[in-house]
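Colleague: I have not looked at this one before. Can you put it up and take me through it?

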Amino acid sequence: MLRLPETDPHDPLGESPRVIGHYIGEESGPLVVAIGGIHGNEPAGVTALEQLFDLLREEPLLNPGFSFRGELLALRGNLEALRLGKRYIDTDLNRIWKHVVRGTDDSYASAEARELDGMLAAIDNALIDSSAREIVLLDLHTTTATGGVFAITGDDAPSLSLAAELGVPVVKGMLSGLQGTTLSYFRSGQYDLDRPCRAVTFEAGAHTEEESVDRALAATVNLLRSVGCVSDEDVSTHHEEKLRAANPGVPPLLELVYVHRLESGGDHDFVMRPGFTNFTPISEGTLLADDRNGPIAAPCGGYVLMPLYQDQGGEGFFIVQRYDSSATY
Ligand SMILES: [Zn+2]
């Protein structure tokens, strides 16, 4: 039996702004939690998840053999920032998952602390009657620059192999480079001590590219397939092609080697020089940006990742390099 959509117990009319949908398959499997819009200026992931729930409603009608193993819970991340189209209101929601305090009243330290608690409450709700033995978190993002279609995960073999299944380059080493992310919280086992949890962040391209929605949808479907929620024969291969075509020439596995952090306070006058996109190849010494101390040169060669061309953000750019390993994941 397919129950769709499931209503939120706190919202009996089913009009929860937080929950895009909660799909419960008739067979057992993992609970996949997909989140869009942790950054409010990145609505592509939300749109993709809304489209996915439209597809899931139609699929059993078009394809009577369709079955779904496990559950899919799709959430909107920073509701207030999504409404305003801003990255965040008080603080970056993807940097505050370090010392999570579950709120019991309205005394949240920031608008984002309230949003974080709302997301965890929605996942708690989904788990009340769930038989899922594993949680798989997918966090959907976009970047200011074009060309950034890649996955970020932990450096353990199960996470890397899951990320590789999305069909895009995987960047390892990001968990140590970025503190307090949603990914690191779910990877650390803090949320649920009983169930194993794998977590992947997917960067779908530029905020404003229409294809970012298609790619976020394709990656989500690939993930549902790779964790066994849907069968190979129920997934069309154009999802694969869409993702593999996004990054011609970029190595399949890369490693973070440098993060250019911005001084807090916002008076650093950091300005990225024009023309850099995700995976632009650079050499040591390439002039990448300027701030109040003058030009900023690349400390090493590699590829630029997530160059900052917006006002809000704590990192100016990242540098990644091809990761050569005999890894057998
Ligand atoms: Zn983001």
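Modeller: Start at L224: beyond its neighbours within four places in sequence, L224 is in contact with V32, L52, F68, L72, C229 and V230. Bear in mind that this is a predicted model.

Colleague: Which residues have the most contacts inside the largest nonpolar core?

Modeller: They are V32, L52, F68, L72, F202 and L224, in a core of 43 residues. Helix α7, residues 211-226, gives the most to this core, with eight residues. There is also a second, separate core of 40 residues, which includes V19, I123, A132 and V320.

Colleague: On to the sheet. How many strands form it?

Modeller: The open sheet has 11 strands with mixed pairing, in the order β1-β3-β2-β4-β7-β5-β6-β8-β14-β13-β10. β1 (19-24) and β10 (281-282) each have a single partner strand, so one side of each has no neighbour in the sheet.

Colleague: What joins β10 to β13?

Modeller: Two bridges, and the two strands run antiparallel. P281 stands opposite Y303 in β13.

Colleague: Which strands does helix α3 lie across?

Modeller: Helix α3 (residues 111-128) lies across β1, β2, β3 and β4, at about 160 degrees to β3.

Colleague: Are H39 and E42 buried or exposed?

Modeller: Both H39 and E42 are buried.

Notes
Residues numbered from 1 in each chain as written. Predicted model: local features only at pLDDT ≥ 70, side-chain atom pairs only at ≥ 80, totals over all residues. Heavy atoms only, no water. Buried < 20%, exposed > 50% of the residue type's maximum accessible area, 1.4 Å probe, protein only. Pairing = 2+ DSSP bridges. Helix = DSSP H or I, 4+ residues; strand = E, 2+ residues; numbered from the N terminus. Contact = heavy atoms within 4.5 Å. Axes fitted to C-alpha atoms, helices over the stretch in contact; angles between N-to-C directions. Core = buried A, V, L, I, M, F, W, Y, C linked by side-chain atoms within 4.5 Å.
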